[in-house]
Amino acid sequence: MKFSPNVKVRREKRGSVVFDTLREKVFVTNETGARIVEGIEAGLSPEALAAQLSAEYDQPAEAIEAEVRQFIESLRSNGIALTEETQR
Amino acid sequence: MLDPAMSTGVESPIGIDDLEGPLFIAWQITSLCNMRCHHCCEDSAHLMPNEMNRTMVLDLCRQIADMNIPYVAISGGEPMLHPQFFDVCRFFRSHGIALKVETNGELVTEEATREMARLGLRSVQISVDGATAATHEQLRLKGRWQDAIDACRRLVAAGVRTEIVFVPTQFNIRETAAVIDLASSLGVFGIYTGKLMRIGRAAKNWQRLCPSDAQYEEFFRVLRQKTDQYLGRMKVYYYPYDVIEELRVRVQTPSASLLVIPDGRVKLIGPLPFICGHLAKHSLREAWDRYRKAWRLPQVRDFVAQVVAKPSLVSRANDWIELY
């Protein structure tokens, strides 16, 4: 899974800005969201992303994965284009 | 985790003070133009004195990339007349920066189209100000409607995301629906429009150009209808506010963008006369810091209040006042 080419991400002091340049809409994430966004940019699958964050935050992978999937769904529902290209 | 606040344009749901840099650069790369449009918001025609040279132009590109600014729009004048136009485009695209080109389309040749397609631009925006040659050419002196239409066709055929911009005036507002239908028949991605701005040459010709309230009422009715008609097929985007309403909002929530004019000065916003930086003297990062501070200056806030009270003052937007 990756962002479409016209979606640009920039790290900020407290999270990330996700800018859909095609629709000219800007979204902001908090710090946890920024980590997920970085994983998406790296082409990680939700499972791989959850495993990574689970180790970092010392939380059960299942709970983290649910949050990751919810976050990805909120990206999609806000119209931020994601492709299915994935690397594990 | 995802802020539900969503905004149009390049407004950011977080304030400009919390951003490391602008999210968008509107770069008027030259004032030179091959047309003399009555409604030009820049009064473009000839080169502006001291336009940035090649070194400054390429240095600005590098600074934009260094600041990780995600999105740039290049306009003019006619940007394709600039000798480094394609160098600039290539630089931005090779650095992953989304790029929109705003052109009158006259120089969008077969060769230029191939290069634009190869570069993967975010979009090319062509000005079409009438559904007929007569109307378009009445407003866009020295322009040829057929050239603009041919440019759209070439770009669409080459797979370049193409947009049309239509500026309503007394001369062409009756053709709004027809222009939108034309845009659809050309297969473009979207059409942009909004109220005429009282700046540049348009301000000088304001009495002849400005549509009446009744014309605007019909204009927006048509836009709402066409938005529904083309939903899911073509984006019909219109900005419902005029310059005064825009300023009222901007003084409270400035946009996360910088407007760079051809000589390297950085304007606070198109409809205000304030210059907050000069790239011959300041880095882009310094200009961004100055921009953020400038919006809080009493001089700026008082001027906006005066413009809101007396909208004709916006015609002074190009009587520049330097804030540094």
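Chain B folds into 12 helices and 11 strands, where helices (H or I, at least four residues) and strands (E, at least two) are DSSP runs numbered from the N terminus. This is a predicted model, in which local features need pLDDT of at least 70 and side-chain atom pairs count only at pLDDT 80 or more, while totals for chains, interfaces and linings use all residues. Residues are numbered from 1 along each chain as its sequence is written, and chains are lettered from A and ligands numbered from 1 in the order in which they are written.

The overall dimensions of chain B come next. Its C-alpha trace spans about 50 × 45 × 45 Å along the principal axes. For 324 residues a compact globule would have a radius of gyration near 20 Å, and the 19 Å of chain B agrees with that; the radius is taken over C-alpha atoms, and the globule rule is 2.2 Å times the number of residues to the power 0.38. Of the 324 residues of chain B, 48% count as buried, which requires 20 or more other C-beta atoms, placed from the backbone, within 10 Å of the residue's own. When contacts (C-beta atoms, placed from the backbone, within 7 Å) are taken between residues of chain B at least 6 apart in sequence, 73% of them join residues at least 24 apart.

One helix pair in chain B can be followed in detail. The axes of α6(B), residues 176-186, and α9(B), residues 213-229, come within 9 Å and cross at roughly 25°; axes are lines fitted to C-alpha atoms, for helices over the stretch in contact, with angles running from 0 to 180 degrees between N-to-C directions. The two helices are therefore roughly parallel to each other, a description that applies to angles under 35 degrees. On the α6(B) side the contact is made by Thr176(B), Ala177(B) and Ile180(B), and on the α9(B) side by Phe219(B), Val222(B) and Lys226(B). By class, this contact has 4 nonpolar, 1 polar and 1 charged residues.

Turning to chain A, one finds 3 helices and 5 strands, which from the N terminus on run β-β-β-β-α-α-α-β. The radius of gyration of chain A is 12 Å, close to the 12 Å that the globule rule gives for 88 residues, so chain A is as compact as a globular protein of that length. The C-alpha trace of chain A spans about 35 × 30 × 20 Å along its principal axes, and 36% of its 88 residues count as buried. Among the contacts in chain A with a separation of 6 or more, residues 24 or more positions apart account for 43%.

Methods
Parallel < 35°, antiparallel > 145°, perpendicular 65-115°, else oblique. Contact = placed C-beta atoms within 7 Å. Nonpolar A, V, L, I, M, F, W, Y, C, P; charged D, E, K, R; others polar. Buried ≥ 20, exposed ≤ 12 C-beta atoms within 10 Å, placed from the backbone.
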